[in-house]
Amino acid sequence: MSLINPLAREISAKIVYYGPGLSGKTTTLKAIYDAVRPERRGQLLTLATEGDRTIFFDFLPITVNQVQGMGVRFQLYTVPGQVFYEATRRLVLNGADGVVFVADSQRAARDSNLQSFENLQQNLEEMGIDLARFPFVVQYNKRDLPDLMSVEQMRADLNALGAPEHETAANAGVGVLEALRDISGLVVRSLWNELPKSAPRETPAEHLPPSPEAAAMQSVRPRGMAGGIVAELQRIVDSGEHEAFTLNESTDVVRAAKTAVPPPIASPDVGISFAPLWEGADTATVVEIEDAIRQGSHKHALELSARALARLLESLPGTLANESPMAKAGLLGLDGREYLRFCRLVLMPESAVSDKDALFALYMLISAKLKAQAI
């Protein structure tokens with residue numbers, strides 16, 4: 001369930017490490033965690049499963065700052081490998097943007113590798129995902145131990161699709177960053193393919209900022225989706241069209257900052273509105289958006305929807321209050337692909353915005369409000 005927030009200049013994507021029990025998934029995430037500087041990583045959360053040293057799941061957000069002007073956040077998860085945690089595996093896998101299959105290279109583990117790989121394919125198929133068209137990387141782990149299967153045999157068992165593959169020794173941190181680099185690049189390029197065909201596809205610059213993490217992930221160049229959004233953002237900044245929105249860097253909250261808001265448009269005499277679904281005092285916002293759509297002011301309706309959604313995310317209570325707007329949108333359960341489309345529409349010039357685009361923006365706003373009311 002990827003989230004793209006061009007107003008905050010941030011991409012967030014979910015990567016799941018999958019594989020049999022004790023194959024090294026947890027060790028892989030811990031190796032990545034140790035390799036990333038503290039200011040560029042989130043908290044590593046674990047919950048032990050009964051009777052096993054592997055974890056229930058890990059959540060490790062890694063932020064790579066300013067990739068060609070766009071912040072990139074990867075949320076890394078592992079799933080429990082034991083057979084009886086099937087429901088949990090499906091839950092964690094849901095909404096993934098890419099998968100790294102961590103296989104145990106020891107000969108004794110061949111059957112468990114095959115069983116886990118078959119389970120991965122089955123779960124993805126039930127979600128309507130074809131592994132052949134999905135960002136996928138294979139780790140042949142524990143290559144530092146004796147009595148190993150050959151890479152050729154493991155490839156025949158687990159990688160007939162020809163996905164990127166790496167020999168790793170997660171205990172020593174060998175190969176894990178290279179695998180992360182490959183899956184990250186595949187995920188970013190996959191997300192680009194989800195954008196509307198009319199989206200610009202400018203070619204970005206070729207180099208990432210010189211940091212240890214960027215060097216380890218040098219193939220994650222924001223071609224396609226990331227490059228197109230970044231180039232479009234730069235165009236908007238250069239042209240001054242960005243006056244409607246600014247980013248408060250201290251709080252990472254998108255706030256309305258338009259200096260001259262058009263006056264409200266008189267509402268026609270109509271008897272249907274989404275306003276009754278909007279609990280609270282701000283129902284006038286919905287009416288104003290609907291009026292703008294009826295009058296053909298579709299760009300204005302988009303801007304109103306974006307500002308209202310930003311305010312809604314900022315006002316969320318409880319445990320969501322300290323999260324970034326991007327994280328709040330994901331935790332609310334907004335569909336990542338739809339949210340990506342919404343953010344892309346906000347950046348479109350007025351002449352390219354249709355009535356369907358404005359209605360879609362209103363739908364996203366109402367959907368977020370209903371989900372927020374259910375908290």
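The chain of this predicted model comprises 12 helices and nine strands. Of its 375 residues, 52% count as buried. Among contacts between residues at least 6 apart in sequence, 70% join residues at least 24 apart.

Strand 5, spanning residues 98-104, is mostly covered, with seven of its seven residues buried. In a regular strand, side chains alternate between the two faces of the sheet. Both faces of strand 5 are covered: one side carries G98, V100, V102 and D104, the other carries V99, F101 and A103, and all of these residues are buried. Strand 5 runs parallel to strand 6 (residues 136-141), and the two are joined by six bridges. Within this pairing, D104, a buried residue of strand 5, has N141 of strand 6 as its bridge partner.

A helical pairing is found between helix 8 (residues 283-294) and helix 9 (residues 298-314), whose axes lie 8 Å apart and which pack at an angle of about 160°. Because this angle is over 145 degrees, helix 8 and helix 9 are roughly antiparallel to each other. The crossing of helix 8 past helix 9 is left-handed. On the side of helix 8, the contact is made by T285, E288, I289, A292 and I293, while helix 9 contributes H298, H300, A301, L304, S305, A308 and R311. By residue class, this contact of helix 8 with helix 9 consists of six nonpolar, four polar and two charged residues.

Key. Residues are numbered from 1 along each chain as its sequence is written. This is a predicted model: local features need pLDDT of at least 70, side-chain atom pairs count only at pLDDT 80 or more; totals for chains, interfaces and linings use all residues. Side-chain values use heavy atoms; hydrogens and water are left out. Axes are lines fitted to C-alpha atoms, for helices over the stretch in contact, and angles run from 0 to 180 degrees between N-to-C directions. Helices (H or I, at least four residues) and strands (E, at least two) are DSSP runs, numbered from the N terminus. Angles under 35 degrees count as roughly parallel, over 145 as roughly antiparallel, 65 to 115 as roughly perpendicular and the rest as oblique. A crossing is left-handed if the near helix is turned anticlockwise from the far one by less than a right angle, and right-handed if clockwise. Contact means heavy atoms within 4.5 Å. Ala, Val, Leu, Ile, Met, Phe, Trp, Tyr, Cys and Pro count as nonpolar, Asp, Glu, Lys and Arg as charged, and the others, Gly among them, as polar. Buried means under 20% relative accessible area, exposed over 50%, partly exposed in between (1.4 Å probe, protein chains only). Two strands pair if DSSP finds at least two bridges between them.
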